[in-house]
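I opened this model to look up a few helices and a few single residues. My notes are below, in the order I made them.

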Amino acid sequence: MTRVAVLGECMVELRRSGDGATLTQTFSGDTYNAAVYLKRSAPPLDVVYISALGDDSISAAMRRAWAEEGIDGDWTPSIGGALPGLYLIETDADGERRFHYWRSAAAARRLFEVPEGRRLIDRAPEIDLLYLSGISLAILPAEGRDRLLALAAAVRSAGGRVAFDSNHRPALWRDPREDRTWVERASRLATVALPSLDDEAVLFGERDPAAIDRRLAGWGVDERVIKDGANGAWVGLGGSAPVAVPAVAPAAVVDTTAAGDSFNGAYLAARLTGSPPVDAARAGATLAARVIAAPGAILPR
Ligand code: ADP
């Protein structure tokens with residue numbers, strides 16, 4: 001069976017609903033959203049979510065939510081006394097969403113400090129595709145980032161693939177230069193890069209998809225998928241110039257949360273089940289159009 005390991009942070013999500021005094025609680029996070037859509041798009045794939053949680057009831061509920069999606073949480077250790085991160089989404093009078101995070105003490109940051117995390121590298125040969133994002137790197141201390149990239153290198157050495165979405169979150173980085181350095185290091189280990197054009201523009205000052213594609217190809221990334229919201233995506237392979245794949249018109253744009261995550265999940269599911277890259281990008285665009293036509297990151301099952 002093909003095993004995909006998705007590594008990052010799944011958080012407790014609180015969203016005001018109805019009269020504004022009621023909070024609805026779900027679980028979400030960029031890599032987790034991608035894992036959910038990957039599994040839903042190709043149920044025969046073995047999808048493992050790798051993070052760290054606490055030994056509390058909320059962590060237990062999160063594990064149950066993963067299991068309900070068919071996602072294996074057995075590679076995720078529980079750290080005694082730790083808690084998962086949390087965020088609250090508020091929507092102001094103009095419909096603009098604002099996110100408030102409580103994640104600086106989250107268990108996920110400590111993944112590579114516990115024995116299970118340190119031993120992950122030994123399990124690299126069991127991973128066919130490792131998926132990580134700029135946020136997976138951002139939340140870790142420097143030593144954890146090194147260990148994560150060592151895991152990616154070990155997956156590559158064992159013949160596996162590595163997928164990376166640069167997902168830039170300035171609030172998680174002390175200095176944008178730091179983010180740029182880590183994104184370059186991770187990209188150089190990736191077989192598949194799935195950045196958003198907006199993030200690449202902020203990080204590297206380039207808005208031209210062909211230039212972004214050339215830079216990634218120069219770093220040795222064989223498969224490049226550059227996403228640009230309603231403008232669609234560009235797919236570059238090997239030494240070839242990128243091919244445009246149009247976006248799919250959504251029924252309505254209700255909430256663009258997880259557009260990129262769902263695109264990535266559907267894209268990778270299609271690639272791992274034999275579709276060529278351009279067809280996989282169409283599958284990504286089709287799913288993303290459904291996700292943005294509904295509120296929240298994760299569509300009801
Ligand atoms: P992210 O969520 O990472 O910022 P993007 O905004 O680039 O990602 O969107 C990822 C993909 O989602 C796009 O390539 C496109 O297929 C789809 N998408 C996003 N916004 C829209 C939109 N307004 N209309 C149609 N498709 C969209």
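The entries that follow go from helices to single residues.

**Ground rules.** I noted that this is a predicted model, in which local features need pLDDT of at least 70, side-chain atom pairs count only at pLDDT 80 or more, and totals for chains, interfaces and linings use all residues. Residues are numbered from 1 along each chain as its sequence is written, and side-chain values use heavy atoms, with hydrogens and water left out.

**Entry 1: α7 and α8.** I looked up how helix α7 (residues 197-204) sits against helix α8 (residues 209-218). Helices (H or I, at least four residues) and strands (E, at least two) are DSSP runs, numbered from the N terminus. The two helices pack at an angle of about 70°, and their axes are 11 Å apart. That angle makes α7 roughly perpendicular to α8. For the terms, I wrote down that axes are lines fitted to C-alpha atoms, for helices over the stretch in contact, with angles from 0 to 180 degrees between N-to-C directions. Angles under 35 degrees count as roughly parallel, over 145 as roughly antiparallel, 65 to 115 as roughly perpendicular and the rest as oblique.

Which residues make the contact? From α7 they are L197, E200 and F204, and from α8 they are P209, I212 and R215. Contact means heavy atoms within 4.5 Å. Sorted by class, the contact has four nonpolar, no polar and two charged residues. Here Ala, Val, Leu, Ile, Met, Phe, Trp, Tyr, Cys and Pro count as nonpolar, Asp, Glu, Lys and Arg as charged, and the others, Gly among them, as polar.

**Entry 2: α5.** Helix α5 (residues 142-157) has 16 residues. From its first C-alpha to its last I read 22 Å, close to the 22 Å expected at 1.5 Å a residue. The expected span is 1.5 Å times one less than the number of residues. The buried residues of α5 are G144, R145, L148, L149, L151, A152, A154 and V155. Buried means under 20% relative accessible area, exposed over 50%, and partly exposed in between (1.4 Å probe, protein chains only). What covers these residues includes the strands β1 (3-7), β9 (129-133) and β10 (161-165), together with the helices α4 (134-138) and α6 (176-189). Just after α5, G159 takes a positive phi of about 95°.

**Entry 3: I121.** I121 is in the loop between α3 (115-118) and β9. Is I121 buried or partly exposed? Its relative accessible area is 36%, so I121 is partly exposed. I121 touches A150, L151 and A154, leaving aside its neighbours within four places in sequence. I121 and A150 are 29 residues apart in sequence, but their C-alpha atoms are 7.4 Å apart in space.

**Entry 4: α9.** The 14 residues of α9 should span 20 Å at 1.5 Å a residue, and the end C-alpha atoms are 20 Å apart, which agrees. I noted that α9 is mostly covered, with 12 of its 14 residues buried. A270 is in this helix and counts as buried because its relative accessibility is 11%. Not counting residues up to four places away in sequence, A270 touches S275, A280 and A283. Just after α9, G274 takes a positive phi of about 100°.

Entry 5: D255 is in the loop between β14 (243-245) and α9 (259-272). D255 counts as buried because its relative accessibility is 5%. Its side chain makes a polar contact of 3.1 Å with that of R97 and another of 2.6 Å with that of T257. A polar contact is a pair of N or O atoms within 3.5 Å; within protein, one must be able to donate a hydrogen and the other to accept it, and residues adjacent in sequence count only if both atoms are side-chain atoms.

A258 is in the loop between β14 and α9 too. A258 has a positive phi of about 70° although it is not a glycine. Most residues other than glycine have a negative phi. With a relative accessible area of 9%, A258 is buried.

**Entry 6: T76.** T76 is in the loop between α2 (57-68) and β6 (78-79), and at 3% relative accessibility T76 counts as buried. A polar atom of the T76 side chain lies 2.6 Å from the backbone oxygen of Y49. Beyond four places in sequence, T76 touches Y49, I50, S51, A52, L53, R63 and W66.
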